[in-house]
Amino acid sequence: WGSRTIPTKRHPTVMAAKRARREPTAREKIDLAAREGDAGAALEAHDEACARGEILPIHACNVVLHLCAKGESQDDASGKDPSYWRSKAQNVFQGMKERGIESNEVTYTSMARLAAAVGDAEGAAELAEQARAAECGVRLRTYAPAMHAFCEGGDYESAMRVMRSIKAVGLIPTQKEYAALLHTCIVTGRREDGHKLLQDMKVSLEAVKQDTLEVVRKWFQTDTKHWKLEQDEVDAKGAFRKCHRQLRALDLSDEERRAFAEGIAKVACERETKPNDFLQFKEWLEKRGPYKYVVDGANVGMFGQNFQGSRFQFRQIERVVQEIKRREPEGSKPPLVVLHVRRVRNQEADKKPNKAFLQRCRANGGLYATPGGSNDDWYWLYAAVMAHDGGYLVSNDEMRDHVFQLLGPEYFSRWKDRHQLRFQFTSEGLELKFPPPYSRCIQQLEDGSWHFPIEGSEYWLCACPQDAPEEARANSSQRLESAT
């Protein structure tokens, strides 16, 4: 029969052994160093690759820079100070330029953090501006190192310069930035600037986190004017139980509402696949609207459907529509239900009761199906804002997605607080939760008192001037009670 070779598969353990004997690549060494948090090993792998003339990809270089930035911010077992890590990172950064590796936002942010770590706030600010000029998608974290470094150095004016840059590129400062700025005002005695900052916080922030609250408390405690500080709670109408002040319901002015609506339309057209789709909706709404109630159909239809076998519930939308009609005078315009077209063109929508409901909505002008490729969020939000003072958006959506952050906090949070109508389906039926007759946000009342809602709590921090005339307090409370 002769002899022949019988093919066999290579044994897995043999292959693993061969891979183990192979020298890891520079990228593999850097990735391993990243998993172990070893900045020194990552730098060594980087330098060895450069010595061989190897050009590493941007990701590998950024990993090295990130580890250097992370190394300076933690207890370093090697005893190396932040200036060491910055020097090493600068070598990597310069090498990237020489080899034609284009820096991105991660690159600039890591370098900014390293600059800030050694107290070079101006260097960190310059890196942030370089990132902006390079149009590589700057983020708050790109600017934050410079701003915090200026604050730590007591340079409030420079810190505010960075703050203005943050806002100029459309980014939204967090409470950390406001707290750092206010703390700088405290330690440098800048009372007038601190007061202006509180006014800015009043517009930009909602509830206040504990860390920020402690800085706010210290601000009032260090004031030469005497303040009475206490935690308080309000009743259903917004009246405080201890300090006896009355919170206001703060809504947008006509001009602010118009600017807010224009901002929504602008962002929608910029981000929609087909901008003309949203423009057509605007025209439709101008002819048919305004609608007092706008229903986020997807949010209502998917309520409670987070279990296996669940499905979209048109019946829930119908119950909301029926309840609104029951509350409104006969002959009132029906609520506008906004749904993506895929929701109204599928098997569930074709079922007899669902189909009949959708047909009724279409017949009375109470349905708008957003086209394919569109984001229905823009549509229901714009329609609700265009309803003016008395309009409501029926939705439990917290609206914290990044797309809503594009709209700016000075309008969005105030509008949402007054116009979001939440709902709940229980065994007893449907409950609609209208906004309370006051706004849960930072407020300064007519007598000069300040009131800060505490995040995750029903309590507020109240700062009341000790010399506030009782008459001013009474007049303020009476006026506000009559307004609510």
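1. Basis. This is a predicted model, in which local features need pLDDT of at least 70, side-chain atom pairs count only at pLDDT 80 or more, and totals for chains, interfaces and linings use all residues. Residues are numbered from 1 along each chain as its sequence is written, and side-chain values use heavy atoms, with hydrogens and water left out.

2. Cysteines. A search of the whole structure gives 0 disulfides, a disulfide being a pair of cysteine sulfur atoms within 2.5 Å. C50 is in none; its nearest cysteine sulfur belongs to C61, 7.0 Å away. C464 is in none either, with the sulfur of C243 nearest at 4.2 Å. C50 is partly exposed, at 25% relative accessible area. C464 is buried, at 5%. (Buried means under 20% relative accessible area, exposed over 50%, partly exposed in between, with a 1.4 Å probe and protein chains only.)

3. The antiparallel sheet. Helices (H or I, at least four residues) and strands (E, at least two) are DSSP runs, numbered from the N terminus. Two strands pair if DSSP finds at least two bridges between them. An open sheet of 4 strands runs in the order β1-β10-β9-β8, with antiparallel pairing. β8 is joined to β9 (450-453) by 2 bridges. Q443 has H451 of β9 as its bridge partner.

4. Helices on that sheet. Helix α11 (191-204) packs on the sheet and touches β8 and β9; its direction makes about 45° with that of β9. Contact here means heavy atoms within 4.5 Å. Helix α12 (210-221) lies across β1, β9 and β10 (460-465), at about 150° to β1. Axes are lines fitted to C-alpha atoms, for helices over the stretch in contact, and angles run from 0 to 180 degrees between N-to-C directions.

5. Strand β2. Which residues cover the two faces of β2? Y293 and V295 lie on one side, V294 and D296 on the other, and all are buried. β2 (293-296) pairs in the parallel sense with β5 (392-394) over 3 bridges. There, V294 stands opposite L393. Another 3 bridges join β2 to β3 (336-340), also in parallel. V295 stands opposite V337 of β3.

6. Helix α20. Check this one in the viewer. In α20 (376-385), 10 of the 10 residues are buried, so the helix is largely enclosed by the rest of the structure. Among them are W378, Y379 and W380. N375 caps the N-terminal end: a side-chain oxygen lies 3.0 Å from the backbone nitrogen of D377.

7. E323 meets R326 at 2.6 Å, N to O. E323 also bridges to R327, at 3.0 Å. E323 and R326 sit 3 residues apart in helix α16 (314-327), about one turn. E323 is buried, at 15%. R326 is exposed, at 59%, and R327 is partly exposed, at 40%.

8. A longer-range pair. R422 and E398 form a salt bridge of 3.3 Å, N to O. R422 lies in β6 (420-426) and E398 in the loop between β5 and α21 (402-405), so the pair ties together parts 24 residues apart in sequence. Elsewhere, salt bridges that share partners join D251, D254, R257 and D389 into one network.

How values were computed: A polar contact is a pair of N or O atoms within 3.5 Å; within protein, one must be able to donate a hydrogen and the other to accept it, and residues adjacent in sequence count only if both atoms are side-chain atoms. A salt bridge is a side-chain nitrogen of Lys or Arg within 4 Å of a carboxyl oxygen of Asp or Glu.
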